[in-house]
Amino acid sequence: MKKELMGEETVVRDGKIRRRVPRFGGVSLFPILVVSVGLPLACTFFLNDQFSTNAENSAYFVQFMMMITGLTAMYLVGVMDDLVGVSLKSKLAIEFLAALLIPLSGLRIDHLDGLLGLYELSSWISIPLTVIAVLYVSNTVSMLDDIDGLASGMAIIVFGVMAVLCALAEQYLLLMVCVAMVGLLVPFLFRNVMGWRVGWRKLFFGDTGGLTIGYLMAYVVIAISRMGGKELPLGIGMACFGTLLIPMFDVMRVGITRLVNGRNVFLSGDRNHIHHRLMQAGLQPKQVLVVVLLITFEFICLNMWGVWNGWDLSLLLVIDVSAWLLMQVVIMYYKNRAGRERC
C-alpha cells in the first residue's frame, strides 16, 4: 500500500512506513560541474592571454569543449531515461555519437606502450577502440548504484588518483575537472553512508549521474593515458585503466554469464554483480562497500607500483586477471557455503 507523506511517495511494509530512495540525484552534477570549472577557466583566460595562443593548450581546450558537448548529450539522455524512459536503440545511438566526439577531437587511445606486443595504433583501430572504451566505461557506474556509497566511493577514488596524476603532469585543466568531481561526489558518499545520522535521505545517481560520471571518467583516463613517456612514466595508461578494473571486469563477467545462459546482455537485469555476490556470501551492505573499495585501492597500488618500476605491461595484465579470477573463486566459495547454511 502506498501513501503520500509530506508530498513524498512512501511504501507501507510490515507495518512500517518506508520512503523510496530517489534515483534522480545525478541531475545536479553537470550544472555544478560547468559552474565550478567554467568560472576558473574564464578567469584563466582573462589573467593569462597566452593560454589561448599556445598550440598545445589550444589542442587541450578543443578536446575539453568536445568533451563538454558529448557530456551534455549524455546528461540529457540520462535525464530523459530517468524521467520517461528511452528506448535502448535511441539511448545507444546518442551514447555512440557522444563517445565519437572524443576521438574526433584528437583524443584517442593510439599507443599501447607494448601491452600484448602492441605499440602505435592506426586511426582505423584507435578511433573504434576509443569509442568502445568510452561507451564501456560510461555504462559501468550505474551498475554500482544500488549499494549505499559504492558508486560515489569508487568514483571519488578514481578522480582522486587522476587528480594526483594531473598535478604531477601539470595538466591544470584536467586537474580542475577531477578536483571538482571529488568535491561534488563527497556529499553523495556522506549522504548515503552517514546521512541518516543527521536526518538526510539517501540519494542515488540514476542514469543521469551514472552516464555523467562514467563519461567524465573515460575522458580523463584516456587524456592522462596519452601522457605516458612524456609528463608521466611510460605505460601510465595501464595504471589509469587499473583504477577501473573492478567495474570493467565485473561488467565483462556478467555479460559473458548472460550470453552463456542465453539471456539478453543489455536488457536482462539480475543480481550477479560483485556487490550482489558479496552480499550473497554473507556480507552486509556497508561491509561490501568497504571490501570493494579496498580491493579497488589494492589494484590501483599494484598497477601504479608496476608502471613506476617499469614492469612489463603484459605481465602486469596477467597479474591483474589472475588476481581477479582468484577473487572470484574465493567469492564463489563463500557464496556457496552461505547458501548451504541457509538451506
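What follows is a tutorial dialogue on a predicted model.

Q: How are two packed helices described?
A: Two packed helices are described by the angle between their axes and the distance between those axes. Take helix H6 (residues 150-169) and helix H7 (residues 172-193): they pack at an angle of about 155°, and their axes are 8 Å apart. With angles over 145 degrees counted as roughly antiparallel, H6 is therefore roughly antiparallel to H7. The crossing of H6 past H7 is left-handed.

Q: Which residues of H6 and H7 meet?
A: From H6, they include Ile156, Phe159 and Met162, with Gly153 and Gly160 also among them. From H7, they include Leu175, Val182, Leu185 and Phe188. By class, the contact of H6 with H7 has 17 nonpolar, three polar and no charged residues.

Q: At what angle do H6 and helix H12 pack?
A: H6 and H12 (residues 285-308) pack at about 20°, with 9 Å between their axes. Angles under 35 degrees count as roughly parallel, so H6 and H12 are roughly parallel to each other. H6 passes H12 in a right-handed crossing. On the H6 side the contact is made by residues including Leu150, Met154, Ile157 and Val161, and on the H12 side by residues including Leu289, Val292, Thr296 and Trp308. The residues of this contact divide into twelve nonpolar, two polar and no charged.

Q: How do H7 and helix H8 cross?
A: The axes of H7 and H8 (residues 206-225) come within 11 Å and cross at roughly 145°. Their crossing is left-handed. H7 contributes Leu174, Val177, Cys178, Met181 and Leu185 to the contact, while residues of H8 in it include Ile213, Leu216 and Tyr219. By class, the contact of H7 with H8 has eleven nonpolar, no polar and no charged residues.

Q: Turning to pockets, how much space lies in the second largest pocket?
A: A pocket can be read by its volume, its lining residues and the elements that supply them. Here the second largest pocket holds about 830 Å³ of space. It is lined by 27 residues, and those closest to its centre are Ile109, Leu112, Leu115, Leu129 and Phe241. Helix H5 (123-138), helix H9 (236-242), helix H10 (245-260) and helix H13 (313-342) are the elements that give two or more residues to the lining.

Q: How do the lining residues of the second largest pocket divide by class?
A: The lining has 16 nonpolar, five polar and six charged residues.

Notes
Residues numbered from 1 in each chain as written. Predicted model: local features only at pLDDT ≥ 70, side-chain atom pairs only at ≥ 80, totals over all residues. Heavy atoms only, no water. 1 Å grid on protein atoms, 1.4 Å probe; cavity = no way out; pocket = protein on both sides within 12 Å on 5 of 7 lines; lining within 4 Å. Points joined across faces, edges and corners; volume = space filled by probe spheres on them. Helix = DSSP H or I, 4+ residues; strand = E, 2+ residues; numbered from the N terminus. Nonpolar A, V, L, I, M, F, W, Y, C, P; charged D, E, K, R; others polar. Axes fitted to C-alpha atoms, helices over the stretch in contact; angles between N-to-C directions. Parallel < 35°, antiparallel > 145°, perpendicular 65-115°, else oblique. Left-handed = near helix turned anticlockwise from the far one by under 90°. Contact = heavy atoms within 4.5 Å.
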